[in-house]
Amino acid sequence: FKAGALCSRLHSLVDAEKEAKKEEPEEPESHTNGDLQLPVGNGTIENDVPQDENQTMLSGLPKQETKLYLSRFAILAVFSLYSLVNAFQWIQYSIITNIFTEFYHVSSGAIDWLSVVYMLVYVPLIFPATWLLDLKGLRVTALLGCGLNCIGAWVKCASVRSDLFGVTMLGQVLCSIAQVFILGLPSRIASVWFGPREVSTACAVGVLGNQLGVAIGFLLPPVLVPNTVHNIGLVGYNISVMFYVTATISTVLFIATIIVFKDRPPLPPSRAQAVLLGIPSENYSYKQSIVNLFKNVPFILLLISYGILTGTFYSVSTLLNQMIIEKNKGEEVNAGRIGLTLVVAGMVGSILCGLLLDQTKGYMKTTMVIYVFSFIAMIVFTFTLNLGYLVIVFITAGVLGFFMTGYLPLGFEFAVEITYPEPEGTSSGLLNAFAQVFGIIFTLIQRRLTTAYGAQVGNIFLCVWIFAGIILTALIKSNLRRHSINIGLVNSLEKV
């Protein structure tokens, strides 16, 4: 609806509420959203989630039973684990860049591309990947993501020779394609399998697996592949051990995915899912869904601001080794530990954000607070990095990680709320695509600035962009559509 029509509709709702006791309820009507239709009735507005979540009555809809299944925890656990392995393979090269440059006889820029390829591949493949998720569901998408990750891990096992850099790049490309079928799933799994009071926490746990993989990627490679470049044979053996262990774990998780994953539970977990299940599949258009999302101004603002902050995280993670050893030669292990601190603190932030959102639904306030504190933490990290005290870097990196990576699941869930009833995988996929684009741009520019002028200048460049992201975030109009459905506000749905 246009603004005037929407205001008129809202006023009529209030008038209808006053006359509710005098008039009989009318037949439900159907509002069209592009090719998508949602039944809408004229029932009363509720102020809270009903106490009985097992039986729900949506205004204008038949009674719909909802139920939560224990298998949802197994699905979330398996997904989190194979997402962990995929994220580990993203960062396992760049955290020991100097060792891989010596082993493969390539430049540090070539090793950076082993990280950047994750971002580069994601952008063109996100649209077919989200289309496949909407068409075939969670199981097929999960099997593709986990299967490609497994194949990529085994290809890397065949690349442990100084003249086989191309083979290790091929393995990394396969893993990066797998990532396209992984990153957008947390919000979809949370929405399809989890109830309204646990959906944000479930999404945070799904993202947590990926963050934990990055954390382990910072920690283990410097330990498994120590700096023994004077003995290339030993370096090759250590790399081989790391690759084979990763491939074995990936295989076990692929088998677990085959056994555990299902598209959706027999009964929906929430009112919002019950409404979506009532929409005939022939009324859905992927093209129209994309058009609707790009017409949604709050989502566009979130898209850009999310891309800026998450792209900053990708850039900092990729170049962390080079930033640390610039003034601290031989500190590869501590560089990994600082990266671990960055991500583990972010994991704590993710879980706390998820729990907070499930209780308060304060998406806008939480987003602004995290964004502002990320900016402050990035400034402090920038100007303490080269003081020569690694303990200070550990502390500032932890604070930066708490806010910056804690923002990741918040962005997913906020997007789902303001774009409902559009598919969760599509909105999450677009968020990740913009994050990858900004990640590529930021990594390439920051690497050039760091090489030419030092790490501080490169980080100041990122600070400027984060400040721009704060301004964009402040302009977002918060309209929690999914939450409104879950608490019974189904009287109207504005056109998106």
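Start by selecting Asp112: at 2% relative accessibility, this residue counts as buried. You are looking at a predicted model, and this aspartate sits in helix α4.

**Stop 1: around Asp112**

Keep Asp112 selected and show what surrounds it. Setting aside neighbours within four places in sequence, its contacts are Thr97, Thr318, Leu319, Gln322 and Arg447. Asp112 and Thr443 lie 331 residues apart in sequence, yet the C-alpha to C-alpha distance is 8.7 Å.

Zoom out for a moment to see the whole chain. The protein has 19 helices and 4 strands, and 59% of its 496 residues count as buried. Among contacts with a separation of 6 or more, 83% join residues 24 or more positions apart.

**Stop 2**

Next, select His105, in the loop between α3 (97–104) and α4 (108–136). Is this histidine buried or exposed? His105 is exposed, since its relative accessible area is 62%. Check the backbone here too. Most residues other than glycine have a negative phi. His105 is not a glycine, but its phi is positive, at about 60 degrees.

**Stop 3: aromatic rings**

Colour the Phe, Tyr and Trp side chains and you can look for the 20 aromatic pairs of the structure. Begin with Phe373 and Phe403: the ring centres are 5.1 Å apart and the planes make an angle of 15 degrees, so this pair is stacked. The two partners are 30 residues apart, with Phe373 in helix α14 (residues 363–384) and Phe403 in helix α15 (residues 390–404). Phe373 is partly exposed, at 40% relative accessible area, whereas Phe403 is buried, at 17%.

Stay on α14 and move to Phe375. How is its ring placed against that of Phe467? The pair is tilted, with 5.6 Å from centre to centre and 50 degrees between the planes. Phe375 belongs to α14 and Phe467 to helix α18 (residues 455–474), so the pair ties together parts that are 92 residues apart in sequence. Phe375 is buried, with a relative accessible area of 18%, while Phe467 is partly exposed at 44%.

**Stop 4: Thr473 on α18**

Go back to helix α18 and pick Thr473, which lies in that helix. Thr473 is buried, with a relative accessible area of 0%. Apart from neighbours within four places in sequence, Thr473 touches Ser305, Met364, Thr367, Met368 and Tyr371.

**Stop 5: the largest cavity**

Rolling a probe the size of a water molecule over the atoms shows where empty space is left. There are 5 cavities of 30 Å³ or more, and the largest has a volume of about 230 Å³. To find this cavity, select Gln179, Leu183, Asn210, Tyr314 and Leu408, the closest to its centre of the 22 lining residues.

Which helices each supply at least two residues of this lining? They are α2 (71–91), α4, α8 (199–224), α12 (297–327), α16 (407–419) and α17 (424–453). The lining holds 14 nonpolar and 8 polar residues, with no charged ones.

**Stop 6: the second largest cavity**

The second largest cavity has a volume of about 70 Å³. Select its lining: Ile126, Ala129, Thr130, Leu133, Thr141, Val180, Phe181, Ile182, Gly184, Leu185 and Gly425. Helix α4 gives the largest share of that lining, with 4 residues. By class, the lining has 7 nonpolar, 4 polar and no charged residues.

**Stop 7: helix α7**

How many residues of helix α7 (residues 185–193) are buried? The count is 9 of 9, and the helix is mostly covered.

How values were computed
Residues are numbered from 1 along each chain as its sequence is written. This is a predicted model: local features need pLDDT of at least 70, side-chain atom pairs count only at pLDDT 80 or more; totals for chains, interfaces and linings use all residues. Side-chain values use heavy atoms; hydrogens and water are left out. Buried means under 20% relative accessible area, exposed over 50%, partly exposed in between (1.4 Å probe, protein chains only). Rings of Phe, Tyr and Trp (its six-membered ring) pair if their centres lie within 6.5 Å; planes under 30 degrees apart count as stacked, over 60 as edge-to-face and the rest as tilted. On a 1 Å grid over the protein atoms alone, a cavity is a set of points where a 1.4 Å probe fits but cannot get out, and a pocket is an open set with protein on both sides within 12 Å along at least five of seven lines; lining residues have an atom within 4 Å of a point. Grid points are joined across faces, edges and corners, and a volume is the space filled by probe spheres set on the points. Ala, Val, Leu, Ile, Met, Phe, Trp, Tyr, Cys and Pro count as nonpolar, Asp, Glu, Lys and Arg as charged, and the others, Gly among them, as polar. Contact means heavy atoms within 4.5 Å.
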